[in-house]
Amino acid sequence: MLSCIYCKNKSFQYNCGSKEHVILSSLGGIKASKNICCEVCNNRLGNEIDEPFADNFSFFSTMFNITTGRKKKASILKNEVEYNGNIYDLQPGGKFKLSKGSVRFKDSGGFSIVAGSREQAIILLEQAKKKSKESTEDSMKIEAKSTRVFLPPQEKKLDLGGNLQFRSAAKMLITYLATCIKPDRLRD
């Protein structure tokens with residue numbers, strides 16, 4: 001039996017502890033050990049240390065389309081960038097997509113639509129026509145213009161210092177060590 005290296009209260013059979021990744025799974029880590037800790041400690045430390053650490057890297061994980069160690073695709077980061085009054089989501093692989101289309105009514109009458117796709121534009125047009133001050137469709141003049149928006153370069157900084165980051169890095173190093181030596185030696 002092996003005892004959990006964190007709480008020392010729970011024991012488990014060799015290779016039957018909670019699966020602990022060397023590099024966080026959310027950052028693409030595959031290599032893991034089941035000889036380190038109990039499930040309770042793994043979940044607790046995952047929430048306290050690993051999740052905030054991984055959140056620090058989420059922009060880069062999505063930008064570079066990193067598949068997690070559990071084979072999940074990179075997540076879409078909602079409302080990541082605001083530009084010219086529009087909000088954009090970051091898609092896996094580094095593409096930005098309009099988060100939500102909008103209709104803007106003009107004081108002088110009429111309206112403009114901002115949409116991320118033709119289908120979205122058609123839906124917004126139907127909604128806008130219903131709300132428009134124009135009395136009949138015959139009096140509406142529709143002018144469509146397709147434009148491509150180029151967002152300014154995005155700058156993101158990683159916070160690699162501080163207690164939380166050091167604790168997560170130390171936890172990953174201990175896990176790596178556990179894949180290199182016998183479990184009893186790790187506990188010595």
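Contact is defined here as heavy atoms within 4.5 Å. The structure is a predicted model, in which local features need pLDDT of at least 70 and side-chain atom pairs count only at pLDDT 80 or more, while totals for chains, interfaces and linings use all residues. Residues are numbered from 1 along each chain as its sequence is written, and side-chain values use heavy atoms, with hydrogens and water left out.

With residues up to four places away in sequence not counted, Val 81 touches Asn 86, Ile 87, Tyr 88, Phe 96, Leu 151 and Gln 154. Val 81 belongs to strand S5, which spans residues 77-83; helices (H or I, at least four residues) and strands (E, at least two) are DSSP runs, numbered from the N terminus. The relative accessible area of Val 81 is 6%, so the residue is buried (buried means under 20% relative accessible area, exposed over 50%, and partly exposed in between, with a 1.4 Å probe and protein chains only). Val 81 and Ser 99 are separated by 18 residues in sequence and by 9.4 Å in space, C-alpha to C-alpha.

Strand S5 takes part in an open sheet of three strands, ordered S5-S6-S7 with antiparallel pairing; two strands pair if DSSP finds at least two bridges between them. S5 and strand S7 (95-98) are at the edges, each with a single partner strand, so one side of each lacks a neighbour in the sheet. The twist from one strand to the next averages 40°, where axes are lines fitted to C-alpha atoms, for helices over the stretch in contact, and angles run from 0 to 180 degrees between N-to-C directions.

Four bridges connect S5 and S6 in the antiparallel sense, and Leu 77 is opposite Leu 90 in S6. These two strands form a hairpin with two residues between them, in whose turn Asn 84 has a positive phi of about 50°. Strand S6 (residues 86-91) is likewise joined to S7 by four bridges in an antiparallel arrangement. Asp 89 faces Lys 97 in S7 across this pairing, and Gln 91 has Lys 95 as its bridge partner. The S6 and S7 hairpin has three residues between the strands, and Gly 93 adopts a positive phi near 95° there. S6 is mostly covered, with five of its six residues buried.

A further antiparallel pairing, over four bridges, links strand S8 (residues 102-105) with strand S9 (residues 111-114). Val 103 is the bridge partner of Ile 113 in S9. The S8 and S9 hairpin has five residues between its strands, and Gly 109 in the turn has a positive phi of about 105°.

The second largest pocket has a volume of about 610 Å³. On a 1 Å grid over the protein atoms alone, a pocket is an open set of points where a 1.4 Å probe fits, with protein on both sides within 12 Å along at least five of seven lines, and lining residues have an atom within 4 Å of a point. Grid points are joined across faces, edges and corners, and a volume is the space filled by probe spheres set on the points. Of the 24 residues lining the second largest pocket, Leu 24, Ser 25, Ser 26, Ala 54 and Arg 70 are the closest to its centre. Helix H1 contributes the largest share of this lining, eight residues.
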